[in-house]
Amino acid sequence: MVNDQSFEKAIELIAKSANVLITTHTRPDGDACGCMAALGEALTALGKEVKLLLVSPLPQWYGFLFDEKVPVLGEDVGVEQLIAGQWGEYDLIVIVDTNSYSQLPKFEQYLKQADKAVLVIDHHVTADGLGDVELVDSGAAAAGLILLDFFKYADWPMTERIAEALFVAIGSDTGWFQFGNTDGRVLRAGSELIDAGAKPAEIYNKLYQSFSYPRFKLMVAMLNTLELHFDGRYATQYLLQRDFQQTGAAYQDTENLINECHRIGTVEVSALFVELADGRIRCSLRSRYDIDVSRIAAKFGGGGHKKAAGTYLPGPMETAKRLIFQEIAMRLGKNG
Ligand SMILES: [Mn+2]
């Protein structure tokens, strides 16, 4: 849990700020988007001038959280513009759901030269200490849980919109209450948010039953690459640039697809390799039991959680697959 002293400092920081810029990690997920939306809503209600900024495109299924399109750095606004103050001057930067430079491509440049107060709200173990004030709790299943505690501490009104956004944050980081991080705190928060107006069935539909046909075809292409190793304990899948071209799906459509292979009973750990336009390979890792995939990701400059992590690897695909295979072989060997 975050201590009261940190909450007090965050409240002070917000109280003396008028223009607030809120951002989150690249490949924004439900926790990232939900926290941005909830905090944006709350700070606007407090009379702050709030701007939201993403560092990579928003998956379309999170669009309902925002009243208007959230600008993307490098697409809607250039980092030079941001640095030059042509896209607004801010006295407070809030970063949600990450505390790492590597998760903030391009924004990192702005952050390093900007002489602004920074507030971080995060639950990752990997941390660069980006904040002047940090609300960090690595025991929280989602950054949304920290935000909920903060809102309650600050006694800010919990509107239906905020409850919905925080429910998205918590629901998605727990795999809709299926992952091992689903604890009493998660379910208590869930019930509070439902009481405040969040509608779980409606949210589930918007998040998980809203595939576009291209995204579904991308999933089929991915499933066709499934390989099992070590008696079915390690599953790999991959997607090439050509799969995106053939299906018409976008890179952000890969979110959560890795989890499909964990329906196979033997699978303990899995990797999804995605070839990027620049030739690098994005590798997502999931673990069901003891293997700490954040350690594997960290070896290659990535990060995350024990059971869900990611990193970038050099291409081509076979090289990337081999690098991770060696790590998995070591660990599965050790664990018997
Ligand atoms: Mn998160």
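Good morning. Helix α2 gives the largest share of the lining of the second largest pocket, namely five residues. The model before us is predicted: local features need pLDDT of at least 70, side-chain atom pairs count only at pLDDT 80 or more, and totals for chains, interfaces and linings use all residues. Residues are numbered from 1 along each chain as its sequence is written, and side-chain values use heavy atoms, with hydrogens and water left out.

Let me stay with this pocket. A pocket is an open set of points on a 1 Å grid over the protein atoms alone, where a 1.4 Å probe fits, with protein on both sides within 12 Å along at least five of seven lines; lining residues have an atom within 4 Å of a point. The second largest pocket holds about 370 Å³ of space. Its lining has 18 residues, of which T44, V50, L52, D67 and E68 are the closest to the centre. Both α2 and β2 (49-53) supply at least two lining residues each. Helices (H or I, at least four residues) and strands (E, at least two) are DSSP runs, numbered from the N terminus.

I turn to the metal. Which residues are the protein donors of the manganese ion? They are D31 (OD), D97 (OD), H123 (NE2) and D173 (OD), at 2.1 to 2.3 Å from the ion. Donors here are N, O and S atoms within 2.8 Å of the metal (3.2 Å for Na, K and Ca); water is not among the atoms, so sites may look incomplete. D31 belongs to helix α2 (residues 30-45), while D97 sits in the loop between β3 (92-96) and α4 (107-113), so this pair ties together parts 66 residues apart in sequence. Both D31 and D97 are buried, where buried means under 20% relative accessible area, exposed over 50% and partly exposed in between (1.4 Å probe, protein chains only).

Next, the cysteines. With a disulfide defined as a pair of cysteine sulfur atoms within 2.5 Å, the count is zero.

Finally, the backbone. Most residues other than glycine have a negative phi, and most peptide bonds are trans. R27, in the loop between β1 (19-24) and α2, has a positive phi of about 50°. The peptide bond from G315 to P316 is cis, with omega near -5°. Thank you.

Note on methods: Points joined across faces, edges and corners; volume = space filled by probe spheres on them.
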